[in-house]
Amino acid sequence: AEMAVYQTREWFMKTHGYIVDNPKVGSVLRSGYWECGNSKSYLDLVKSLTGKDLSGESWTAHLSTTVEDKIKTEKEEYEKAVSQAD
């Protein structure tokens with residue numbers, strides 16, 4: 001499940017640019033993961049939303065990011081979000 005979280009997050013960032021305060025998040029997750037209930041398998045849900053089979057790529061990339069790089073990226077994302085809120 002955690003691999004799917006990171007895969008979904010990576011897809012969302014590439015597709016929609018940001019997650020926090022993005023009004024598309026709820027509707028995308030609802031239609032991509034929740035609406036079908038148990039009519040699709042978990043692996044099919046991840047693939048249908050992200051376009052890729054479930055893999056550890058996104059999770060591994062997250063785990064191998066240095067603290068310095070993580071701070072830099074988070075700061076850039078924060079500053080971008082603040083500037084867009086104005």
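## A network of charged side chains

Glu10, Lys14 and Lys52 are joined in a network of salt bridges, where a salt bridge is a side-chain nitrogen of Lys or Arg within 4 Å of a carboxyl oxygen of Asp or Glu. The model is a predicted one, in which local features need pLDDT of at least 70 and side-chain atom pairs count only at pLDDT 80 or more, while totals for chains, interfaces and linings use all residues. Residues are numbered from 1 along each chain as its sequence is written, and side-chain values use heavy atoms, with hydrogens and water left out.

## Other salt bridges

The structure holds seven salt bridges. One of them joins the side chains of aspartate 53 and lysine 47, at 3.3 Å from N to O, and lysine 47 counts as partly exposed at 41% relative accessibility.

Another joins the side chains of lysine 72 and glutamate 76, at 3.8 Å from N to O. Because these two residues are four residues apart in helix α5 (residues 67-85), about one helical turn separates them. Lysine 72 counts as exposed, at 52% relative accessibility, whereas glutamate 76 is partly exposed, with a relative accessible area of 43%.

## The buried face of helix α2

In helix α2 (residues 24-34), the buried residues are Val25, Val28, Leu29, Gly32 and Tyr33. Seen down the axis of α2, they fall within an arc of 95°, so they line one face of the helix; the arc is that of the directions from the helix axis to the C-beta atoms. These buried residues pack against α1 (2-16) and α3 (42-50), contact meaning heavy atoms within 4.5 Å.

Aspartate 21 lies in the loop between α1 and α2, and aspartate 21 is exposed, with a relative accessible area of 72%. Although aspartate 21 and alanine 85 are 64 residues apart along the chain, their C-alpha atoms are separated by 9.6 Å.

Conventions:
Buried < 20%, exposed > 50% of the residue type's maximum accessible area, 1.4 Å probe, protein only.
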